[in-house]
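Morning, everyone. Please bring up the model on your screens, and we'll go through a few places together.

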Amino acid sequence: MTMSAGWYLRRLSRMGPQEVAGRVGDAVRRRRWRSARPDCPSVTGARFTAVLPAGTLAAIPPDAAKRLLAEADRLMAGHAEYFGVVRDDLTDPDWWYDPKTGHRAPWGYAFDVPYRDEDAVGDIKQIWEPSRHQYLTQLAAAYAISGNERYAERVAAHLRSWWAANPPLRGVHWISGIELGIRLLSWVWIRRLLDGWPGAAELFEHNPVALHQIWHHQRWLAAFPSRGSSANNHVIAEAAGQFAAACAFDWFPASARWRADALKSLERHLRSNTFPSGLNRELATEYHGLVLELGLAALAEADAAGVPVPATVRLVLLRMTDALAAVVDNRLRPPRQGDADDGHGLVVDGAGTDRWASLLATGDAVFGRLGWWPAVTGTDVRTPLLAALIKPTEPSVTRPVSRPTHFADAGMTILRGPEELWCRCDAGPHGFLSIAAHAHADALSVEVRHDGVEVLADPGTYCYHGQPEWRQYFRSTLGHNTLQLDDSDQSVSGGPFLWTRHARSRVLRADTFRWCAEHDGYEDSVHRREVQLGATERKLKVYDEVRGPNRDVRLAFHLGPALVADLMGNRAVLTWTRDGEDRSAVLDLPGELTWRAHRGETNPPLGWYSAGFGRKEPSTTLVGTGFTNGTQGFTTVLKFRG
């Protein structure tokens, strides 16, 4: 996908004068850097001192260690999966190759590479992901736990290979700051986890090539921060990686300045990216997880290096952790809201480790759990590592005394009913900042789960670049459990990460079992929705009303991938299996509309579910079509059986 002149004009219209000036300065600097490439300053006597405290590795639970070692052995055999694409070439990877399209990214000055053009470069996510080197943090952790030097030797070989293939400012891996930031964080942890290996110092602090790479990564991040309307999770990854490296690899004349500037940026943007309630302002749950992981990792580096951090850093991370504990369902799964690209901040665990349980376990170790928190039964490697570095502190704020259900600033309400019935109602802002890059046109959408099984599901994200029709579908109004007028989205898209008009929502009522909200995304019309959850019976009622002139209407309900639906007229019988038991529900749909079931359709896309980035599978979507009629409303009732 290449960007048109119209896109650039729309993008420019979402910037303020300060951002425009900053981007002009970036353009001048990129031109100057094309020919001016300074060498890393001379470094002598460098030592790595940010090691794990004695006894840390002994605290890792045996089952978590077993999962990690199994994952490490798969990696040693060259096997990995990135965004639904299985790779068997990681014994000796080609760092510029995309196995999905078969393309290899072109060589040249980094800022000349057309990374959005899949025909020229390939799927950029497939190329970038292995070079975050998070699979190498897994191998380094496997060495730390087992002492088996073959893991360390593989890590060293791959780092040397990557450094040789990717000199500063050459090629696709020097384009995006989030990639450089996460890669630096991985290198810090690789050095820490390899500390007992005799070759660790020769690989890092005694290696001129490594020093050259580390210095240039930090120089790049200091020069090209994400700005203005792009200052979302990317700027936090940049600041966290820069700060971590400047703490752990403090070997350069500029290290103190880089560390201070990165900490200032991190503190500022953690606050600006987080609602006072603790939810992430992008209203994209996976980015809540990414930002929390990055923040905790940065805090660990600060405490390991004895660098004081503003109290607000710990406060934001505490609130984010409490908010996560508040919104998860009984299986510790959070809402599926907004974009998701499977991004992680620090990876040291094997497959089968629950990301959200791991974050809550770390929150418990660092901040202490509250009485209303859900129980966390899983284990992980990362929690004992972070907890060994982060100094416990007594929170200086009052934390929620009971489990929050309504997050007014984020427009999110969680209704909970009998027998683990969970419902998320959305009436929040349309994303974050002027472009709302990771928002979906999902105002007033709902998610419903029963004992962790998705009944009314958010279909997910699936892709970013290269497949515009799929990108459009998964972020569309029709792609969510809400109501669409005149075949149009509630908010107006200007590109794959750009919205030029944002629907405005407001909550009218939110209590334990009832929620009501409305939005103004459609000209001359207001969509109002009320959701009622039975206090004692397993029943959910949704009432939709459109105030305004008569218009075409489509009402969509996306069923979870585990469900089978039998639609007869305006009644659907839903069946599924949970833990070997057959479950069922009846969905009575508005009789004023004509209903059809859609599954796995491609022209146009309809009836799909994406469990993770790059993966999709057919699922059933029920769509009712008809017309609004004055004050006439549409009533939907979901009732669980047995």
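Is Thr-321 buried or exposed? Keep in mind that this is a predicted model. Thr-321 is buried, because its relative accessible area is 1%, and the cut-off for buried is under 20%.

Now find it in the chain. Thr-321 sits in helix α14, which covers residues 311-327. Its side chain reaches the backbone oxygen of Leu-317, at 2.7 Å. What does Thr-321 touch beyond its neighbours within four places in sequence? The contacts are Leu-292, Leu-360, Gly-363, Phe-367 and Trp-373.

Next, helix α13. This helix runs over residues 285-305, 21 residues in total. From first C-alpha to last it reaches 31 Å, close to the 30 Å expected. How many of its residues are buried? The count is 19 of the 21, so α13 is largely enclosed by the rest of the structure. Just after α13 comes Gly-306, with a positive phi of about 70°.

Last stop, a pair of helices. Two packed helices are described by the angle between their axes and the distance between the axes. Take α8, residues 177-193, and α11, residues 233-248. They pack at an angle of about 35°, and their axes are 7 Å apart. The crossing of α8 and α11 is left-handed. On the α8 side, the contact residues include Gly-177, Gly-181 and Leu-185. On the α11 side, Ala-237, Gly-241 and Ala-248 are among them. What classes of residue make up the contact of α8 with α11? Nine are nonpolar, six polar and one charged.

Technical notes
Residues are numbered from 1 along each chain as its sequence is written. This is a predicted model: local features need pLDDT of at least 70, side-chain atom pairs count only at pLDDT 80 or more; totals for chains, interfaces and linings use all residues. Side-chain values use heavy atoms; hydrogens and water are left out. Helices (H or I, at least four residues) and strands (E, at least two) are DSSP runs, numbered from the N terminus. Buried means under 20% relative accessible area, exposed over 50%, partly exposed in between (1.4 Å probe, protein chains only). A polar contact is a pair of N or O atoms within 3.5 Å; within protein, one must be able to donate a hydrogen and the other to accept it, and residues adjacent in sequence count only if both atoms are side-chain atoms. Contact means heavy atoms within 4.5 Å. The expected span of a helix is 1.5 Å times one less than its number of residues. Axes are lines fitted to C-alpha atoms, for helices over the stretch in contact, and angles run from 0 to 180 degrees between N-to-C directions. A crossing is left-handed if the near helix is turned anticlockwise from the far one by less than a right angle, and right-handed if clockwise. Ala, Val, Leu, Ile, Met, Phe, Trp, Tyr, Cys and Pro count as nonpolar, Asp, Glu, Lys and Arg as charged, and the others, Gly among them, as polar.
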